[in-house]
Amino acid sequence: MKKRRVIIVTDGDDFAWRTIQHIAKEIGGRCISRSRGNPSKLTGEQLVELILQTPYDPVFVMFDDCGAVGEGAGEQALKYVATHKQIEVLGAIAVASNTHQNEWTKVHVSIDRNGKLTERGVDKEGIQEMELGRINGDTVYCLEQLPIPIIVGIGDIGKMGYRDHVKYGSPITKKAVEVILERSENGGSRHKQHPDF
């Protein structure tokens, strides 16, 4: 049975939803609108059912724990989707937040608010931090435990001081999607084809 190709997004508020909807439409994919929510409301089983019904590819799915400490509903659903036998996860967009609960994840690359690819982490505003290869965020700590080939860190989707606003085409989030799709097309040669890296 053919697997459905999925891009995971660790944010589910209205800004993220509008941004992901816009980008999915641009590239011919589909965003599972019912996955939006702060926090996530659907279970992993419900999300997989919706993913398998979607006739477009790739499928964007949003997960959000709304700051819950530890493994919240969003992360439980994320783990179920990412390990399902009919799902192929192309990558994850790990969204930074101002969490103080020590939740973080390793990332393969980040994109700052100016659209620059960097090996450093970024904060919620998309500003580069000193930490190499990791970001702090909500709904992110389980990502590196899952079979996800590339994790891209960015600031708050659709925001970052209006630099990622959908009225400007959400260029930061769009670049994150392009990096994930490029990596999947190149079969594992992470980033080296990207002119900015």
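In this structure, the axes of helix α1 (residues 14–27) and helix α4 (residues 171–185) come within 10 Å and cross at roughly 50°. Because of that angle, α1 is oblique to α4; angles under 35 degrees count as roughly parallel, over 145 as roughly antiparallel, 65 to 115 as roughly perpendicular and the rest as oblique. The axes are lines fitted to C-alpha atoms, for helices over the stretch in contact, and the angles run from 0 to 180 degrees between N-to-C directions. The model is a predicted one, in which local features need pLDDT of at least 70 and side-chain atom pairs count only at pLDDT 80 or more, while totals for chains, interfaces and linings use all residues. Residues are numbered from 1 along each chain as its sequence is written, and side-chain values use heavy atoms, with hydrogens and water left out.

The crossing of α1 and α4 is right-handed; this term applies if the near helix is turned clockwise from the far one by less than a right angle, and left-handed applies if anticlockwise. On the α1 side, Thr19, Ile20, Ile23, Glu26 and Ile27 meet Thr173, Lys174, Val177 and Leu181 of α4. The residues of this contact comprise 5 nonpolar, 2 polar and 2 charged. Here Ala, Val, Leu, Ile, Met, Phe, Trp, Tyr, Cys and Pro count as nonpolar, Asp, Glu, Lys and Arg as charged, and the others, Gly among them, as polar. Contact itself means heavy atoms within 4.5 Å.

A second pair of helices may now be examined. The axes of α2 (residues 44–53) and α3 (residues 73–82) come within 8 Å and cross at roughly 45°, so α2 is oblique to α3. This crossing is right-handed. Gly44, Glu45, Leu47, Val48 and Ile51 in α2 meet Ala77, Tyr80 and Val81 in α3, a set made up of 6 nonpolar, 1 polar and 1 charged.

The protein as a whole has 4 helices and 11 strands; helices (H or I, at least four residues) and strands (E, at least two) are DSSP runs, numbered from the N terminus. Of its 197 residues, 54% count as buried, where buried means under 20% relative accessible area, exposed over 50%, and partly exposed in between (1.4 Å probe, protein chains only). Among contacts with a separation of 6 or more, 75% are between residues 24 or more positions apart.

Glu119 lies between β7 (117–118) and β8 (120–122) and is exposed, because its relative accessible area is 55%. Not counting residues up to four places away in sequence, Glu119 touches Leu132 and Gly133.

Most residues other than glycine have a negative phi, and most peptide bonds are trans. A cis peptide bond, however, joins Asn38 and Pro39, with omega about 15°; Pro39 is in the loop between β2 (30–31) and α2. Another cis bond joins Asp57 and Pro58, with omega about 0°, and Pro58 lies in the loop between α2 and β3 (59–62). Met160, in the loop between β11 (151–154) and α4, has a positive phi of about 55° and is buried at 1% relative accessibility. Ser170, also in the loop between β11 and α4, has a positive phi of about 50° and is buried at 0%.
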